[in-house]
Amino acid sequence: MPVCSNTEHFKFEVLKRVAQLAYEGGLSQDAMDEIPMEIIPPGSQATVRCCVYREREIIRYRVRWATDRTNKPGVVAVMHAACEGCPINRYTVTSNCQRCVARKCVEACPFGAVSVTGRGAYIDPEKCRECGRCAAACPYNAISDTLRPCVRSCPVDAIAMDQNRRATINYDRCISCGSCVAACPFGAISDSSQIVHVIERIKGPGEVYAVVAPAVEGQFGMATFAQIAQAVRRLGFDDCLEVALGADAVAWHEAQELKEVAERGGHMTTSCCPAFYNMIDKHFKKLMPMVSSTVSPMTAAARFVKRDHPGATVVFIGPCIAKKSEVLRVPDGADFAMTFEELYALFSVRGIDPAKEQAAPTQQGSRYAKGFAQSGGVAAAVGRVLEEDGFDTPYSCLRCNGAAECKKALMMLGAGKLPETIVEGMACEGGCIAGPGRCEDPKVTVRMRQKLLAQADARGVQENLAQQGFKDVNLER
């Protein structure tokens with residue numbers, strides 16, 4: 001895993017140390033209190049903050065989040081001790097200001113916040129209401145509009161500033177997509193981890209199964225799914241299932257829904273991406289009847305496991321933070337969700353390299369199901385099922401690549417101006433492979449996936465479901 005920033009490095013080190021303690025059974029409060037001192041030993045110099053004491057305090061927060069010992073109301077939250085350094089004033093005057101005679105910026109401001117001094121225009125932050133009229137009026141583009149990265153990245157305007165100018169999250173609006181987690185350059189926004197709960201289940205008496213997202217291929221170098229599954233078993237899981245099998249089932253079920261919708265000239269949306277689902281549920285409530293009634297591939301795979309292993313614990317592993325919200329929303333699906341980042345921390349603790357595992361080739365999902373990991377993959381798999389069924393009623397599909405496109409499509413759908421029959425929504429640009437909990441750069445992942453998926457056979461969706469014995473599983477949401 002390429003750790004490319006200090007925020008990722010510290011988060012990863014905390015996950016590793018917490019996991020090590022959990023495996024060894026030594027996750028006491030005293031042991032957790034020692035982690036900040038181990039990562040930043042006495043005598044160290046501050047590298048990214050004002051002092052080592054602040055750096056240790058932030059690591060202490062990360063330890064609490066890694067052990068899920070907080071009372072955060074959502075999947076993601078702001079670490080106030082780390083929220084700092086962002087521009088306090090959104091609009092600022094740059095050196096491009098020419099102190100022109102027209103003073104259009106002054107005239108444009110309805111709040112009297114702009115004045116001109118001997119050094120140029122000045123914006124009074126106490127009067128500024130961030131309307132942006134001064135920036136639009138300036139003929140020299142001398143007024144910069146600097147949004148905080150977290151605010152800019154949020155597709156649903158769920159982030160604002162509190163009275164201390166620190167970021168806050170409105171959970172009535174938040175869709176748990178994790179865009180802010182990836183965007184914050186201070187690592188001040190993070191997701192809580194269930195890694196300790198998972199390890200405790202692994203060490204316990206019951207069966208524990210891992211279901212791994214189709215996006216896994218290309219995340220750990222050229223390791224095949226069979227090698228990754230073997231590596232996962234070595235962590236202590238009883239077995240590892242490819243969620244692509246659940247994706248095949250979802251493709252079939254959504255295809256049956258689409259047939260009915262197309263024949264009556266209606267509209268529907270996919271339900272695989274939890275952030276897309278959350279966006280509809282929280283921001284486009286009246287469109288909920290149009291959401292596919294099919295469960296996600298994660299839930300389908302979890303129910304398949306529990307069909308044969310009642311009482312087993314099922315852990316989803318993928319690149320998606322929003323899956324942690326789906327685990328809470330769907331009680332009879334997966335019990336826990338971990339990211340690839342967290343999986344890599346477990347591999348590191350146990351000294352496991354998936355690419356070096358010895359495992360016979362195996363394929364539990366079709367190529368079409370494996371394609372769920374990338375934008376357009378869901379629609380392609382559903383289309384494949386319709387081809388297999390010989391369905392010839394015309395229909396059309398809109399593939400939304402990223403939250404911005406999803407939001408635009410839903411607005412058009414709500415206004416009755418969307419001609420497409422089915423809307424495929426993926427909140428992450430590029431699809432799940434670009435999720436905030438990924439291990440690898442998406443561009444690198446795509447290249448490796450092309451080579452890995454070329455090794456998969458060309459079995460059809462329904463053919464694969466029959467081969468794997470996927471039946472008698474409830475796929476209704």
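Contact is defined here as heavy atoms within 4.5 Å. The structure is a predicted model, in which local features need pLDDT of at least 70, side-chain atom pairs count only at pLDDT 80 or more, and totals for chains, interfaces and linings use all residues. Residues are numbered from 1 along each chain as its sequence is written, and side-chain values use heavy atoms, with hydrogens and water left out.

When its neighbours within four places in sequence are set aside, F470 is in contact with L245, A249, A300, F304, R307, L465 and L475. F470 also belongs to the largest nonpolar core, which has 98 residues. Such a core is a set of buried Ala, Val, Leu, Ile, Met, Phe, Trp, Tyr and Cys residues joined through side-chain atoms within 4.5 Å; buried means under 20% relative accessible area, exposed over 50%, and partly exposed in between (1.4 Å probe, protein chains only). Within this core, F220, F237, F340 and F470 touch the most other members. Helix α10 (residues 243-263) gives the most to it, with 11 residues; helices (H or I, at least four residues) and strands (E, at least two) are DSSP runs, numbered from the N terminus. Another core, of 47 residues, lies apart and includes I58, V78, C400 and L410.

In helix α2 (residues 29-39), the buried residues are A31, M32, I35, P36 and I39. Seen down the helix axis, they fall within an arc of 155°, so they line one face of α2. The arc is that of the directions from the axis to the C-beta atoms.

A379 is located in helix α16 (residues 377-389). This residue counts as buried because its relative accessibility is 11%. Neighbours within four places in sequence aside, A379 is in contact with C397, R399 and E424. Between A379 and G425 there are 9.7 Å in space, C-alpha to C-alpha, although the two are 46 residues apart in sequence.
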